[in-house]
Amino acid sequence: MKFLQKKATLLLTAFLGTAFYFSACSTEVAGGVSEETNTVAGILKFPDGNVAARIAMQLQSIENEAAIFVDTTDAEGKFSLTANARGLYGLSANANHFAYYDTVSLNGKSVQRNGDFVSATSISGNVYLRSAISASQVAVQIPGSPWKTTTDENGYFVLNQIPEGEISVSVSSPDKSWILGQTFDATANHLDSEAIQSPASFRWILPLSPEYKIAGYWTFDEANAGVVHDSRSISGNAALYGNAKLELGRQRGKSLHLQNASDFAVIENDKGILDSAKNFTIEMWVDIQNIPTESAKIKNILGKLSFGDSTIFSIAVVQDTCGVQGSAFGFFLAEGNGDSLLCENAAISKNEISLNRWNYLAATWNGDSTILYVDGIREASAETKFHQLSGKNIPIYLGKENLDLFIDDVKIYTTSIEDIDAIYRYNE
């Protein structure tokens with residue numbers, strides 16, 4: 001899957017000094033440079049317009065933290081720093097109660113960069129691996145700068161003497177096979193001197209790796225003899241029936257196209273990946289083309305169904321039932337011990353389904369509640385009275401309903417996800 005990553009935006013409150021906002025311009029220096037320079041040069045000034053003389057400047061690679069280059073401004077506030085490689089760099093300086101930071105891209109030519117100090121401040125907060133698990137001993141840093149610290153045993157951190165204004169804060173991963181690092185955009189707003197001031201504080205949760213506890217992944221990019229293989233070779237393969245076919249769909253790849261109840265795919269043997277499960281997650285992309293007008297229906301998109309008394313779950317289109325007027329996405333879950341998929345136990349979105357557009361759906365169960373995410377947003381949840389699934393040897397069906405839809409990139413996980421994971425994967 002190819003997605004553009006969007007960063008979470010956080011509103012900060014700064015508490016030191018007077019509010020000044022950095023303004024800068026960047027132009028390439030012309031003049032027939034024949035050799036690669038990777039130099040950034042300019043003039044640094046204080047907020048009152050006076051030049052910042054004899055101030056230490058630092059240029060640090062964002063990709064390689066060990067690549068650091070330093071210079072000191074002269075009597076006219078001029079500086080010039082030359083890196084030994086192309087790339088994205090952070091440019092920074094400190095002076096008493098002022099700080100300066102910007103990023104610069106060096107591509108083999110000289111860059112002119114003039115800037116102003118702004119008031120310095122501090123931020124603090126807590127980092128979590130999961131909503132109830134603190135992230136201890138992880139690095140918190142403004143990328144390409146000397147402003148770096150490590151969280152304590154409670155996940156707490158403080159960054160001091162950082163510039164006011166918009167900044168990015170990078171939080172590292174303690175284990176990339178489990179948790180991913182994340183960069184958060186932050187905006188520092190100044191309080192006037194008469195306001196009650198307190199340090200800006202955050203609660204940041206890191207996203208799970210999309211590979212953590214993955215138990216099946218069906219891309220639907222190709223089929224062999226009417227069978228779509230699990231690309232992770234953990235679960236079973238999906239057999240296509242009726243006129244189910246792979247057609248050009250999302251992101252220039254192929255997707256599974258089902259046009260009516262005669263078209264479906266089935267994973268007859270999922271190799272027990274959800275047997276006795278205490279939590280799980282299903283993710284997929286869905287494009288609903290048409291929902292035929294019928295009486296109240298729950299129409300399966302993907303479900304572990306026996307069409308008897310041992311149905312486990314269904315991610316479905318809910319049509320004019322369960323309190324829905326029109327159509328909405330729903331996530332139904334049963335213990336698998338003879339009970340049915342009931343409206344009162346379902347997480348059902350309150351938003352109407354938009355036809356002919358791709359939606360990212362994530363249905364997760366954490367052992368206590370079902371949660372349905374649509375396009376990264378939590379849209380519904382419902383408590384469950386059971387804490388472990390009972391049914392076994394039940395096939396997984398895709399479709400087999402009177403729906404015209406495309407399905408792509410189906411993933412099954414043997415773990416639950418949280419809000420940060422859903423929005424990260426939607427924007428991945």
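Student: Why is glutamate 76 called partly exposed?

Tutor: Buried means under 20% relative accessible area, exposed means over 50%, and partly exposed is in between (1.4 Å probe, protein chains only). Glutamate 76 has 46%, so it's partly exposed. Lysine 78 gets that label too, because its value is 40%.

Student: Before we go on, what ground rules apply here?

Tutor: Residues are numbered from 1 along each chain as its sequence is written, and side-chain values use heavy atoms, with hydrogens and water left out. Since the model is predicted, local features need pLDDT of at least 70 and side-chain atom pairs count only at pLDDT 80 or more, while totals for chains, interfaces and linings use all residues.

Student: And how confident is the predictor in the chain?

Tutor: pLDDT is the predictor's confidence in each residue, from 0 to 100. The chain averages 88, and 87% of the residues score at least 70. Over residues 1–34, though, pLDDT stays under 50.

Student: Where do arginine 250 and aspartate 409 lie, and what makes them a salt bridge?

Tutor: Their closest N and O atoms are 2.4 Å apart, so they pass the salt-bridge rule. Arginine 250 lies in the loop between strands E21 (245–248) and E22 (254–258), and aspartate 409 in strand E33 (residues 404–413), 159 residues apart. Strands, by the way, are DSSP runs of at least two residues marked E, numbered from the N terminus. Salt bridges with shared partners also join Arg250, Asp408 and Asp409 into one network.

Student: Are arginine 250 and aspartate 409 buried or exposed?

Tutor: Buried: arginine 250 has 6% relative accessibility, and aspartate 409 has 7%.

Student: Why is threonine 293 called exposed?

Tutor: Because its relative accessibility is 81%. Threonine 293 lies in the loop between strand E24 (280–290) and strand E25 (297–304).

Student: How do you know that cysteine 322 and cysteine 343 form a disulfide?

Tutor: A disulfide is a pair of cysteine sulfur atoms within 2.5 Å. Here the S to S distance is 1.9 Å, so the pair qualifies. By this rule the count comes to one disulfide.

Student: Why is the disulfide of cysteine 322 and cysteine 343 called left-handed?

Tutor: Because the torsion about their S-S bond is about -55 degrees. Cysteine 322 is partly exposed because its relative accessibility is 21%, and cysteine 343 is too, at 30%.

Student: What makes something a nonpolar core?

Tutor: It's a set of buried Ala, Val, Leu, Ile, Met, Phe, Trp, Tyr and Cys residues joined through side-chain atoms within 4.5 Å. The largest here has 48 residues, and Ile288 is among those that touch the most other members. E24 gives the most to this core, with five residues. Apart from it lies another core, of 34 residues, among them Val169 and Leu206.

Student: Which residues does isoleucine 288 contact, leaving aside neighbours within four places in sequence?

Tutor: Contact means heavy atoms within 4.5 Å. Its partners include Ile301, Val317 and Phe329.

Definitions and conventions
Helix = DSSP H or I, 4+ residues; strand = E, 2+ residues; numbered from the N terminus. Salt bridge = Lys/Arg side-chain N within 4 Å of Asp/Glu carboxyl O.
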